[in-house]
Amino acid sequence: MTPSFTPYSRLPLLLAFLLLTSLLYADPQARVRGRVYDAETRLPLEGARLELPALNRTAYSDKLGMFSLADLPAGEYTLTVSYLGYAALQVQVLAQSGGAPSLDIALQPADLQIAEITIANQPSALGALHSISSLDLQLRPLRSSQDALRAVPGLFIAQHAGGGKAEQIFLRGFDIDHGTDINLTVDGMPVNMVSHAHGQGYADLHFLIPETIERIDFDKGPYESNRGNFTTAGYAAFQTRNAIDRSQFKLEAGQFNTLRGVALIDLLPGQENHHAYAASEYLYSDGYFEASQRFSRLNFMAKYTGLVAEDAVLSVTASHFTSQWDASGQIPLRAVERGQIGHFGAIDTTEGGATGRSNFNLLLTQFRPDGSILENRLFFSRYDFSLFSNFTFFLEDSLNGDQIHQRESRRIYGYQGSWRRMWEWKGLQMTSQAGLDLRADEVMGNELSRTANRTTLLEPLALGDVLELNAAAWASQRMQAGAFSVEAGIRYDQFRYQYQNALTVPYDPQSAAKGLLSPKLKLSWQAAPQLRFYLHAGTGFHSNDTRVILADRSREILPRAYGSDLGLVAKPLPGMLLQAAVWTLRLDQEFVYVGDAAVVEPSGRTQRMGADLSVRYQLARWLFADADLNYTAAQAVGEAEGEDYIPLAPRWSSIGGLSFRWEDSWNLSLRYRFLGDRPANEDYSLTAEGYTLFDAVLRYARPRYELSLAAENLANVQWREAQFETESRLRGEDLPVSEIHYTPGTPLFVRLTCSYFF
């Protein structure tokens, strides 16, 4: 039975009243404003916490370190400023109306101490567990920004083609394929591709240079009003650096003819209110497969962030990415067991592809006299994709083989506007937010064809143009009274789909439209200074592919997801930070990968229940431990018992490790990844084998240079990275066989990196 969520029926009216109240509420009271920055580098600190304990008021600094606390009674106050990795500071401030003087607040870098983290009943109370910093990423072996996703607790990835394609993602008992149930963004710009040639929600992060990542904010479940399509299992929002403290060149060399070079150049050194830098990356690797991958990736990026008016910050980013590769593809288990090929071998060595993406992203942030913040973002992407695959070998064509070609050329146009204000009303601490999102995807030549040797077109299976539009409006209202807070949110999405089939003779574009309302609710209780409980509930969705919708109008256009989380955040010991949650997530419709057709198709309803545990523990000033343990029970609804398994849905998973930080020079990270066995098909007659891997990074840093040694799969375990049940036929076989097909995971892989700073 589908949940009704009747408690949300009055949310739109309540939100409208509270937002109107916040807009009309005006009081000529005083304010405090200023800028927070690093005392050594003088770079702005985004996300610094500024608190007036006497008034129980809090604010956070923006991209240029700017902050504002408005609607204050005039007087003198103590302002507490804190930021992870910096010494907290108390400043005496004078709140006054009119042209309040701007404060310059410099924070001194200090050793990270978990004991200093407070559990506050604020929107950012999960920040220490739900934000991954650039320092965290430096202590993990990364070959691309896609690898940075592994830092999200409970999230696993699998590469299908040695580095070229977007990775397969697993989270909260989902086989997300390449992005059907996780929302990914970079600086607010969407990464997921709707109605993509290779699969719905295809999310390729390889256009992002890892060294430019400032942090990754993430959360699980469909509870954020400003997150729309694909936000069911969760989201991950990448934020690139607004400024760099120094220029650098980096050279990396590793096994399998792997070579990588990176450059970051500060274009406006010494400037305080204007920052600009350029970054580039080149990567080449033959890969660890028997057939050389000849994988190359080239990235360029430039970003400017500056104070263009007294209360306005402009950020402009432009980037370009191109990549090409050969691939060994998925291999059948029987061919390896017979000795026909090795563990790193291939059946069809003509697989491979090429892709590219160019982006332009502009954000204007304005700070209004009443303390509210306006953001307006425009973005554009040009994207090209070409992929040759062979999943079934000689199942359909015993002479030429079953190679397929997927191709598209896309343009994405978008706008995002948002408004945010923190204020007081009848003794309540209020945070009001609202926004508008617009996105248009214009896809030309969305193609699926049968080919041979990448050169010969045998048969076009699908070819057409897609136009998909998504407009959304959202709002949320947070109210806090003492130890209790409630946040109610609402989001409305409207979609319009159009498809012109190029394989039909008459011009006859098909179209469809659908809207969806998604309510959200968050409750929080500060039970003690070091203990907070929370309950989240809400609905989200993932859209279906335009071609699936128009081919069968009985399908759900916007299948809904229903989620709830009950959890706590606690500090049982001064040096320990813990989060635990039990959760449920139900979907009206699931997506299933079909290997013999290389498409993603919808199926029936599913439900998942699970538990998450995240622990961060500082054992000594120089030693940190972390562990994330995740359990999920997943099943298809309405299927016969024993035939209701969800293929590839992980049940047990865990990641964690130890980080050693000695003075300012030496850092060592030892990490593990565990993914348990899981069903490969609906009746669990086939098993996708799990694995346990160990990685390490040793880093030695000096002011002018840095050396690091990274090793993946320290124990050199032979493991399977991507696995599917697929029906295939090899050359010479009379009958097809349905069994495990897999892509081998990396063996022991060691890389040495040298960086020079100037």
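Among contacts in the protein (heavy atoms within 4.5 Å) between residues at least 6 apart in sequence, 65% join residues at least 24 apart. The model is predicted: local features need pLDDT of at least 70, side-chain atom pairs count only at pLDDT 80 or more, and totals for chains, interfaces and linings use all residues. Residues are numbered from 1 along each chain as its sequence is written, and side-chain values use heavy atoms, without hydrogens and water.

The protein has 4 helices and 46 strands, which are DSSP runs numbered from the N terminus (helices H or I, at least four residues; strands E, at least two). Buried residues, those under 20% relative accessible area with a 1.4 Å probe and protein chains only, make up 57% of the 758 residues.

The largest nonpolar core has 47 residues, and L149, L184 and F238 have the most contacts inside it. Such a core is a set of buried Ala, Val, Leu, Ile, Met, Phe, Trp, Tyr and Cys residues joined through side-chain atoms within 4.5 Å. Several strands each supply at least two residues of this core, including strand 12 (182-186) and strand 17 (234-240). Strand 25 gives the largest share, 4 residues. Beyond its neighbours within four places in sequence, L149 is in contact with residues including I169, L184 and F238. Apart from this core lies another, of 23 residues, among them I331 and I740.

I331 also takes part in a bridge, with Y742 of strand 45 as its partner. Strand 23 and strand 45 (residues 737-744) run antiparallel and are joined by 2 bridges; strands pair if DSSP finds at least two bridges between them. The open sheet here has 3 strands in the order 23-45-44, with antiparallel pairing. Its edge strands, strand 23 (331-332) and strand 44 (720-728), each pair on one side only.

Key
Buried means under 20% relative accessible area, exposed over 50%, partly exposed in between (1.4 Å probe, protein chains only).
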